[in-house]
Amino acid sequence: MGKKLTVRTRPVRSITARQILNRMMFHLKFTRCKDWRTATDFDKYLSLSLAIRDFIVERMIATHRAYLDRDVKRVYYLSMEYLLGRLLTNNIVALNVMPAVNQVLRRLGLTLDAMIRWERDAGLGNGGLGRLAACFLDSMATLELPAYGYGLRYEHGMFRQEIEDGWQKEEPDDWLKFGYPWEMVRPEYIVPVRLYGRIAAEPGTNGKTRPVWVDWQMVEGVPYDIPVIGYGVNTVNFLRLWQSRAHEGFRLDVFNRGDYVRAVQEQNWAEGITQVLYPSDNTSAGKELRLIQEYFLVVCSIRDLIRRYRKNHREWSGFARKNAIQLNDTHPALAIVELLRFFVDEAGLPWEEAWTITTKTFGFTNHTLMPEALEKWSVSLLEKILPRHLQLIYAVNQRFLQQVEVHTAGNLETIRAVSLIEEGAVKQVRMANLAIVGSHSVNGVSELHTRLIKSTMFRPFTAIWPDKFNNKTNGITPRRWLLVSNPGLAGLISGKIGHDWIRDLDRLRELERFADDADFQQAFAGVKRQNKARLAALIAEKTNIRVDPDALFDVQVKRLHEYKRQFLNALHVVTLYHRLKRNPDSAPVPRVCLFAAKAAPNYYQAKLIIKFITAVAGVVNRDPDVGDRLKVVFLPDYDVSLAETIIPGADLSEQISTAGMEASGTGNMKLALNGALTIGTRDGANIEILEEVGPDNIFIFGHTAEELMELRKSALYRPADYVDRDAELREVIESIRNGHFAQGDASLFTDLVKMRTGEDRYFHMADYRSYVDCQGRVEAVFRNRREWARKAIVNVARMGRFSSDRTVSEYARDIWGVKPLAIQFRD
């Protein structure tokens, strides 16, 4: 284990206000075709963005010229999701031109806040998987690593969330409606993509036949590049996104015969591949489209990186020494088969050589502890869409199982468990097994997660390859999640310890000596109060609910899933409500319970939980007995930009997932870095946050993962028993059953109650009392504002471990074998 990579600031040529103004006026005139009198605010925003992009592009050209000239090893990060957030402010900060930009805008009578309102979040992701990928891109560039991201350019993202009568409603996320100033189309690198067809046997060498993929349909992948800027260095990498289009496109001959629908049918089908992130897989057509999406990403990316490798190399033996491909979860696992197919079918390599190069090239990051979340594709569907790839999967599996049979002395249980093919009524290909077998490294994303995948889900594999599995605890970029999103706190920190923490988050430890300083506590609390006032204004704008910035802001913001237990949080809200109704003269700490989350469109239970939260909000917020002592808010359409306002204003961070279910989590890190105290279970990275901040500076409750495993094994868990012996819980459940939060409709939330008092797979009832009592401890500490501020400062000071710079440096050192390259930039 070596040292982590050092993040150094390289000499960066300063950019003046005059240069920015000149570029802005250039684009206003020659790109937008306007003068200042006719320009709209949108024209001005776009001209500023393009001016900033010009300075980025200069460094981008220098970066990739250096990569080519030095023939460096490169990292390719394959992910179905990237949650980038708005880029204008982030790019201005990375270029260190904020003072110059503000000078220009003041001269023009503009503000940066007014400009960024025009920018839409890129609709390229849904949750933590996509945000982690975006943080990694930032860190790879800041660490000066030769690295590229590959993803898909979804025209409509996942969806835009609206709330109607308390229910989630999905609308298209038209983030590209007015264009996107940061991307550059690269039509010269279009990749042909073959789908469907059959395998024919054709004559090969030595009188043998060889399989050939024939009668396929073809679509094309068009690449769009988004620059990724390293902070304080000249490195500019890029994220390449693929958009689908028809190979032939518009059929003029068919159109002229009067068949107007069929004339564009192929075009519409092809373009539909990248229309939406995660199309519903509840139908056979949806499953088919989703598999095509994954393969489309894979084949475009593999062909592209092979093209790049061929610029400097003609032999394939050095391929793994120059390329490292990291699979962000199982979605891009077909990349293993596609690279193998290229080596065998097109490069003509012998099988063993092709497979050795392939496995040395790939690393696989697992992000789940739920077996049902591991992707599987039916053999029949793969045979229909990718017949040659299915052949190769069977060939890989045959060779692998022969090795396993020798290794385990023919243990059938192990052979069945590790096989790439799951036998059953419907034969399926296990994509996680494929990713493990085809990679030289498999990593989890927190210490608990890695320990559990090695001892449970992937235990048979660890017996075969004990050294293949390793941990890389997730991290977040402090540039986006503190410097940009919380400038007040960032300025306060820099005023005390300097600016080096921006590139080396471990330097935040120097802040701890001010934790007991009354003046610093007051300044820290003042910044938090300002952020809460900003969040309160946003809440009023979005929901028309007025909240008191001096209340405890209790925040749970994350993807809606039962294991994340937003419903447990809501049960606590109902508990507080009943206490106020029983004791209307009581004086608890005023609390604002804020939720923000999207539910998958076909996930009924998750959508019902949103309806329940909004229903509880409707009752609580209108009750005169409650007043400002308790408010409940559901903010719709959660995205990165919304998070950048919520997270700095949070007092309490809800990280209450069922222990053993959350792989890591990164929201816990973002909130703690911004001075929120955590209430959470011993799950994911919560455990490592506990280790860093100490038990006195975090609120831990609930059963451990091991305790819950024992409950499951024993089959003695009876949720109804917990309800029967807890008067408050019983009161809460009965009020839901009798329709108190559904305008008397006792049936509306029946499923929610049945699921929790029946099977209760995620142990809401088991952890309820521990959670509610822990919330009591939260309230007691919050009454002592100095003590709360001290704990919050300690949390911020001890977050250095959770920088994505640390995470990425470990990947680079232990998995990728890639080294930084300083970029020298000259005019």
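In helix 12, the buried residues are Leu-334, Ala-335, Ile-336, Val-337, Glu-338, Leu-339, Leu-340, Arg-341, Phe-342 and Phe-343. Buried means under 20% relative accessible area, exposed is over 50%, and partly exposed lies in between, using a 1.4 Å probe and protein chains only. Before I go on: this is a predicted model, in which local features need pLDDT of at least 70 and side-chain atom pairs count only at pLDDT 80 or more, while totals for chains, interfaces and linings use all residues. Residues are numbered from 1 along each chain as its sequence is written, and side-chain values use heavy atoms, with hydrogens and water left out.

Back to helix 12, which is mostly covered, with 10 of its 13 residues buried. Helices here are DSSP runs of H or I of at least four residues, strands are runs of E of at least two, and both are numbered from the N terminus. From first C-alpha to last, helix 12 reaches 17 Å, close to the 18 Å expected at 1.5 Å a residue; the expected span is 1.5 Å times one less than the number of residues. After the helix comes Gly-348, with a positive phi near 70°.

Asp-329 is not a glycine, yet its phi is positive, about 80°. Is Asp-329 buried or exposed? It is buried, at a relative accessible area of 12%.

Asp-71 also has a positive phi without being a glycine, about 50°. Its loop runs between helix 2 (41–70) and strand 1 (74–78), and Asp-71 is partly exposed at 22%.

Three strands form an open antiparallel sheet in the order 13-15-14. Its edge strands, each pairing on one side only, are strand 13 (376–378) and strand 14 (421–422). Two strands pair if DSSP finds at least two bridges between them. Strands 14 and 15 are joined by two bridges, and Glu-422 has Gln-428 of strand 15 as its bridge partner.

The other open sheet has six strands, ordered 20-19-18-21-22-23, with parallel pairing. Here the edges are strand 20 (630–634) and strand 23 (699–700). Two bridges join strand 22 to strand 23, and Gly-680 is partnered with Ile-700 of strand 23.
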